[in-house]
Amino acid sequence: MKKIPADFSPEMSKAIQSINYASAGKIGLQFKRRFWEEDEHLYGGSSLTNMDITQIYYPPTDYFGKKGVLLGYYAYGGVADKLGAMSYAEREKLALAQGAKIHPQYPKEFESSYSINWKTVKYQEGGWVSYSANDRKTHYPTLCKPDNRIYLAGEHISYITAWQAGAIESAREVVTDIHQRVMKS
Ligand SMILES: Cc1cc2nc3c(=O)[nH]c(=O)nc-3n(C[C@H](O)[C@H](O)[C@H](O)COP(=O)(O)OP(=O)(O)OC[C@H]3O[C@@H](n4cnc5c(N)ncnc54)[C@H](O)[C@@H]3O)c2cc1C
């Protein structure tokens, strides 16, 4: 929204320009076999690490299927920016090298990867809103109010940021507000 030319009120424009979005990145690693189930009896959950990959998540579905995809890294903040600045091939190399310290099966079983850096996803440019305590006091109330006919709705217009629940709660509130406005007119 920061980049869309619009005639918002000065207060709303300032609020939109002032808010920041969090960095986030993930990589999916496809393996020829589900060694984490077959060899290690991992049927979901995650391994938390002190490496850049941050964590590995195991799928809680399709147990003992032919192939499988692990979440090879899920990073936030500065680490996500560091991984996001790498090429796809570099991200893959890092995820495989660090993940192999936990699962030595990685090099033999690896097939392909797919990674995302939310800061560079078009129309998204970040994982989720990141309000400071001051933003909540100054700009958040402005963003929650309609600017003439424009209502904002989404996870960013809630206190449950970074969750679908926040987006749903916000949508419900905005639809209720619009309904009440229409019924009064
Ligand atoms: C890495 C990651 C992990 C997450 N994990 C979880 C989780 O485990 N559980 C959970 O509950 N939530 C999770 N979330 C959060 C959840 O995905 C969001 O809170 C939710 O999707 C927000 O919904 P929304 O409707 O506010 O926005 P979005 O789902 O982002 O929808 C906004 C839409 O507007 C579109 N758009 C943007 N600009 C334009 C334009 N100019 N014209 C037309 N369309 C446009 C976008 O393409 C997008 O489709 C995660 C988010 C991320 C990034």
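A: The account below begins with the ligand and then turns to the pockets.

The model is predicted, with local features requiring pLDDT of at least 70 and side-chain atom pairs counting only at pLDDT 80 or more, whereas totals for chains, interfaces and linings use all residues. Residues are numbered from 1 along each chain as its sequence is written, and side-chain values use heavy atoms, with hydrogens and water left out.

Around the ligand there are 14 residues, of which Tyr-74, Tyr-123, Gly-154, Glu-155 and Gln-164 come nearest (a residue is near a molecule if one of its heavy atoms lies within 4 Å of it). By class, this shell holds eight nonpolar, four polar and two charged residues; here Ala, Val, Leu, Ile, Met, Phe, Trp, Tyr, Cys and Pro count as nonpolar, Asp, Glu, Lys and Arg as charged, and the others, Gly among them, as polar.

A polar backbone atom of Gln-164 lies 2.8 Å from a ligand oxygen, and for a polar backbone atom of Trp-163 the distance to a ligand oxygen is 3.1 Å. Gln-124 places a polar side-chain atom 3.4 Å from an oxygen of the ligand. The protein buries 52% of the 990 Å² that the ligand exposes when taken alone (Shrake-Rupley method, 1.4 Å probe).

The chain is divided into domain 1 (10-21 + 129-184) and domain 2 (24-120), with bounds from an automatic or database domain assignment. Their C-alpha centres lie 34 Å apart, and each domain gives at least three residues to the ligand shell.

Pockets are computed over the protein atoms alone (open sets of points on a 1 Å grid where a 1.4 Å probe fits, with protein on both sides within 12 Å along at least five of seven lines; lining residues have an atom within 4 Å of a point). The largest pocket has a volume of about 680 Å³. Its lining comprises 22 residues, with Met-1, Lys-2, Tyr-21, Gln-124 and Glu-125 closest to the centre.

The second largest pocket contains about 300 Å³ of space, and its lining includes Tyr-74, Trp-163 and Gln-164. Seven nonpolar, two polar and one charged residues make up this lining. Because domain 1 and domain 2 both contribute lining residues, the second largest pocket lies between them.

Technical notes. Polar contact = N/O pair within 3.5 Å; in protein donor to acceptor, adjacent residues only side chain to side chain. Points joined across faces, edges and corners; volume = space filled by probe spheres on them.
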